[in-house]
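Let's take a walk through this protein together. Please open the structure and keep the sequence at hand as you read.

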Amino acid sequence: MKLILASSSPRRAEVLTNAGLQFSVLSSAVDETPLPNETPEVLVLRLANAKAELAAARAVGPAIVVAADTTVVCEDKILNKPESAEEARAMLQLLSGRTHSVLTGVALVRLPDNQRRQFSESTEVQFRHLSENELTAYLATGESFDKAGAYAIQGYAGRFIPRIEGCYFNVVGLPLSRLLTELHSLGWTGNS
C-alpha cells in the first residue's frame, strides 16, 4: 500500500524522507482562511480533511492519503502564513519573549475503501526575546514566508527557541510518531 502526501510542503516531505518513508506527492491547495469563531483545532482539522478529500478524489488505490495543516496560536490569535514582511514582523514581535502553541491537524484516507482517521497534535514553543536587529536580520533571510507563525524551527529561527514541550516534528508540520501509529491502525506496513 503506497503513501500519498497531499501537500506541496517541502518540510513535510523532508520529515517523511528523513524517516525513510517512500511516498508520492499529490498536492491539494485549499483556502486556508479561518471561519468566523473557528477554534484553532477545528481549523487545522477542517483544512487537513479538505486537503485529504481533494487528493483522495484524484488518487488511485490501494493507498493511504496523508494530509496536514499547521497553525500557530499566541494569545488567542491564529497566526497562519504571513502575506507581507510587515505581517511577518508583527507575528514575530508577538511571539518574542512568549510561549505559543503549534497545532497540526492530520487527516488520513485509505483507498479504495475510504477508511479514515484524523487527529490533532499540539506543541508548546518558547521564544526568547528578540531585538529589533534580530527581527530585521531574520526577516532578511526570507525564511518567514510560507510558514505559519512566520518562522521555521528547523532553520535559522531555531536559535530563538530555547525550549519546546511536545513533538518537534509537529512544529515542522507533521507529527511523525503519531502519524506512524495512525498509519499502522489503517493496516499500513511499509517501511516499518
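The tour below goes from a helix to the pockets and ends at a strand residue.

This is a predicted model, in which local features need pLDDT of at least 70 and side-chain atom pairs count only at pLDDT 80 or more, while totals for chains, interfaces and linings use all residues. Residues are numbered from 1 along each chain as its sequence is written, and side-chain values use heavy atoms, with hydrogens and water left out.

Start with helix α1, residues 10-18. Helices (H or I, at least four residues) and strands (E, at least two) are DSSP runs, numbered from the N terminus. After the helix comes G20, and its phi is positive, near 80°.

Which residues of α1 are buried? They are R11, R12, A13, V15 and L16, where buried means under 20% relative accessible area, exposed over 50%, and partly exposed in between (1.4 Å probe, protein chains only). Their cover includes β1 (2-5), α2 (40-58), β3 (63-74), α5 (168-172) and α6 (176-185).

Now for the open spaces. Rolling a probe the size of a water molecule over the atoms shows where empty space is left. A pocket is an open set of points on a 1 Å grid over the protein atoms alone where a 1.4 Å probe fits, with protein on both sides within 12 Å along at least five of seven lines; its lining residues have an atom within 4 Å of a point. The largest pocket holds about 480 Å³ of space. It has 28 lining residues, and S9, R11, R12, K81 and D146 are the closest to its centre. Two or more lining residues come from each of α1, β3 and α5, and β3 gives the most, with 3.

The second largest pocket holds about 170 Å³. Its lining is made up of D31, E32, T33, P34, I78, N80, K81, E83, E87 and M91.

Let's finish at one of these lining residues, I78. I78 sits in strand β4, residues 77-79. Is I78 buried or partly exposed? It counts as partly exposed because its relative accessibility is 25%. Beyond its neighbours within four places in sequence, I78 is in contact (heavy atoms within 4.5 Å) with E38, P40, L43, T71 and V72. I78 and M91 are 13 residues apart along the chain, and 9.9 Å separates their C-alpha atoms.

Technical notes. Grid points are joined across faces, edges and corners, and a volume is the space filled by probe spheres set on the points.
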